[in-house]
Amino acid sequence: MPCRARRLLWTTRRTVVDLFRTVEVGHRALDYHLERHNVLMSNVAHVDTPGYRPVDLKRVEEGGFEAALGVAMAKTSEGHLSGPEGAAAPVRGTTFEDLAAGAGRDGNYVSLDREASKVAANHIRYDVVSAIASAELKQLVFAANDGRG
C-alpha cells in the first residue's frame with residue numbers, strides 16, 4: 001500500500017473515531033446525572049428517618065487534560081504521569097456526606113428544600129446534556145445519509 005493511501009486510511013479511521021467521541025462523553029454525562037438523581041431522591045425518601053445523613057455524588061473524571069481537551073501532556077521522565085496508556089477512563093462518581101443543612105432535633109440532616117433544589121438543578125443539567133447528545137446524533141445521521149437528512 002503506498003504511503004499516501006496508508007496516511008489517508010489512518011486519517012479516516014481517526015476521524016470516524018473522533019466522530020463518536022462527543023457521543024461517548026455525552027453518554028457518560030447522562031449516566032452521571034442519572035446516578036446523581038437516584039442518590040438525591042434517596043435523600044428525599046429519608047427525610048423523616050431519624051439520624052439520617054444525606055449523601056451526594058461528586059463527579060470524578062479521570063484522564064485530566066487528555067480526556068477533556070483531547071491533548072496529552074508531555075512526559076519529562078518515564079516515572080512521571082504513569083497510568084494505563086491509551087485507555088479512556090470512565091467517569092465515576094464518589095459519594096460524600098452533605099451535612100450543610102444542619103441536623104434537626106431527631107439528628108436528621110436532610111433539608112427537603114435543599115434536596116429539591118439540587119434535584120431541580122441536576123434535572124436541568126441532564127436536559128441540557130440530553131439536548132446536546134441528541135443534536136450530535138442528528139448530525140451523525142445527517143452525515144451518514146450524505147446530507148439528505
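**Notes on a predicted model**

1. V128 belongs to helix α3, which covers residues 112-144. This valine is partly exposed, as its relative accessible area is 45%. Please keep in mind that the model is a predicted one.

2. Now for the overall layout. The protein chain has three helices and two strands, and along the sequence they come in the order α-β-α-β-α. Of its 149 residues, 18% are buried. The chain exposes about 10,800 Å², with carbon and sulfur atoms supplying 58% of that area. If we take the contacts between residues at least 6 apart in sequence, 72% join residues at least 24 apart.

3. N43 is worth a look in your viewer. This asparagine sits in helix α1 (residues 3-45), and it counts as buried because its relative accessibility is 0%, under the 20% cut-off. Beyond its neighbours within four places in sequence, N43 is in contact with Y52, P54, V55, V110 and E115.

4. On to charged pairs. Side chains of opposite charge can pair when their charged atoms come close. How many salt bridges does a search of the whole structure find? The search finds seven.

5. One of these joins E97 and R53, with the closest N and O atoms 3.2 Å apart. E97 is in strand β2 (residues 91-97) and R53 in the loop between α1 and β1, so the pair ties together parts 44 residues apart in sequence. Both partners are partly exposed: E97 has a relative accessible area of 44%, and R53 has 36%.

6. The D56 and K118 pair also forms a salt bridge, with 3.4 Å between the closest N and O atoms. Because D56 lies in strand β1 and K118 in helix α3, this bridge ties together parts that are 62 residues apart in sequence. Are these two partners buried or exposed? D56 is buried at 5% relative accessibility, and K118 is buried too, at 12%.

7. R114 and D98 meet through their side chains in a salt bridge of 3.2 Å, N to O. R114 is in helix α3 and D98 in the loop between β2 and α3, so distant parts of the chain, 16 residues apart, are linked. R114 is partly exposed at 33% relative accessibility, whereas D98 is buried at 11%.

Key. Residues numbered from 1 in each chain as written. Predicted model: local features only at pLDDT ≥ 70, side-chain atom pairs only at ≥ 80, totals over all residues. Heavy atoms only, no water. Helix = DSSP H or I, 4+ residues; strand = E, 2+ residues; numbered from the N terminus. Buried < 20%, exposed > 50% of the residue type's maximum accessible area, 1.4 Å probe, protein only. Contact = heavy atoms within 4.5 Å. Areas by Shrake-Rupley, 256 points an atom, 1.4 Å probe, with all protein chains shown as cover. Salt bridge = Lys/Arg side-chain N within 4 Å of Asp/Glu carboxyl O.
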